[in-house]
Each structure stands twice: as C-alpha cells, then as structure tokens.
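Morning, everyone. I have one structure for you today. Have a look at it first.

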Amino acid sequence: MKKFNIAATIFGLFLSLSVSAHTSLKQSTPAQDAMLMQSPEQLTLTFSGDVRLAKVTLKDSANQAVDFDFKPSAAANSHFSWDLPSLPAGKYKVDWVILGGDGHKMSGAFNFMLHGSDAHSKMMPEPAKSQKNHNH
C-alpha cells in the first residue's frame, strides 16, 4: 500500500506540473465569436502566463491579411496589444503562435464578425423595391 501511495503522489505531481507548463490564451479583444457593430480599435491578446509571441495574423473572409504592424516579441509578456486600422464589415480570423516559458510552441485561432451599416443594408431588401414588387 505504501508503494501505491508513493506512486500516486509522484503521478499527481507529474500531472500538475505538465498541466501548469502549458500557457493558454486567457482573453482576447475582440472576443472569440464576437459580433461587433463597429470596427475594433485594438487587437489584444492576454495569456495565462508570460510568453514570447512568434506570430499573429489577422485575415478577412477572402483570406487577405490585414496589416496591423505586428512584430514578434523578443521579451516574454502575458499581454499584447496593437492598434487596428478601420475594418470593413465581414468575418475575420486571428491566428497566433507563441513560445511558452517552458519552450513549448503553441498556436491557436479565433474568429469574430463585424457588422456594419454597409453589410446590414446589403442583407436587407430596399423598402422601395419591395413595395414595387407587391404593386401589380
């Protein structure tokens, strides 16, 4: 029984160390699956621990990259922020790649959607045209 307790303790320590060794994205702005009415002014990423940011891309629904002056980070930090240009309505995807404090490379992605007055008007029929269709 004593050997079982020692093995269980070692296994528990190993498991807790391996769980805490990996850093994850804690919060982002815009948030994952956010539906926005205005273009976000900034893109922010907050991780659960200090990381070095290797790559961040922002792409629109046509898979075109949006330039927001990203540069890989040489210093480890848990919070990163960039000013964004004014984005047109559409779907966007953010991909990120980090190096954790333990040297592990991790990556992730999230999406958000921007609704704008242009996108809304394209989805809704114009009232004048709708009435013309019903006046025969």
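This is a predicted model: local features need pLDDT of at least 70, side-chain atom pairs count only at pLDDT 80 or more; totals for chains, interfaces and linings use all residues.

The protein has 136 residues, and 25% of them count as buried. Its secondary structure comes to 3 helices and 6 strands. Along the sequence, the order reads α-β-β-β-β-β-β-α-α. Now the contacts. Take those between residues at least 6 apart in sequence: 61% of them join residues at least 24 apart.

On to the core. In soluble globular proteins, nonpolar side chains tend to be buried together. Here, the largest nonpolar core has 23 residues. Which residues have the most contacts inside it? Val56, Leu58 and Trp82. Four strands each supply at least two core residues: E3 (42-60), E4 (77-83), E5 (90-100) and E6 (105-114). The largest share, 7 residues, comes from E3.

Stay with Trp82 for a moment. Set aside its neighbours within four places in sequence. Trp82 is then in contact with Glu41, Gln42, Leu43, Leu45, Leu53, Val56, Phe68, Asp69 and Phe70.

Last stop, Thr23. This residue sits in the loop between helix H1 (2-21) and strand E1 (25-29). Is Thr23 buried or exposed? The cut-off for buried is under 20% relative accessible area. Thr23 has 11% relative accessibility, so it counts as buried. What is it in contact with, beyond four places in sequence? Thr23 touches Phe47, Ser48, Gly49, Val51, Ile98 and Met106.

That's my tour. Over to you.

Definitions and conventions. Residues are numbered from 1 along each chain as its sequence is written. Side-chain values use heavy atoms; hydrogens and water are left out. A nonpolar core is a set of buried Ala, Val, Leu, Ile, Met, Phe, Trp, Tyr and Cys residues joined through side-chain atoms within 4.5 Å. Buried means under 20% relative accessible area, exposed over 50%, partly exposed in between (1.4 Å probe, protein chains only). Contact means heavy atoms within 4.5 Å.
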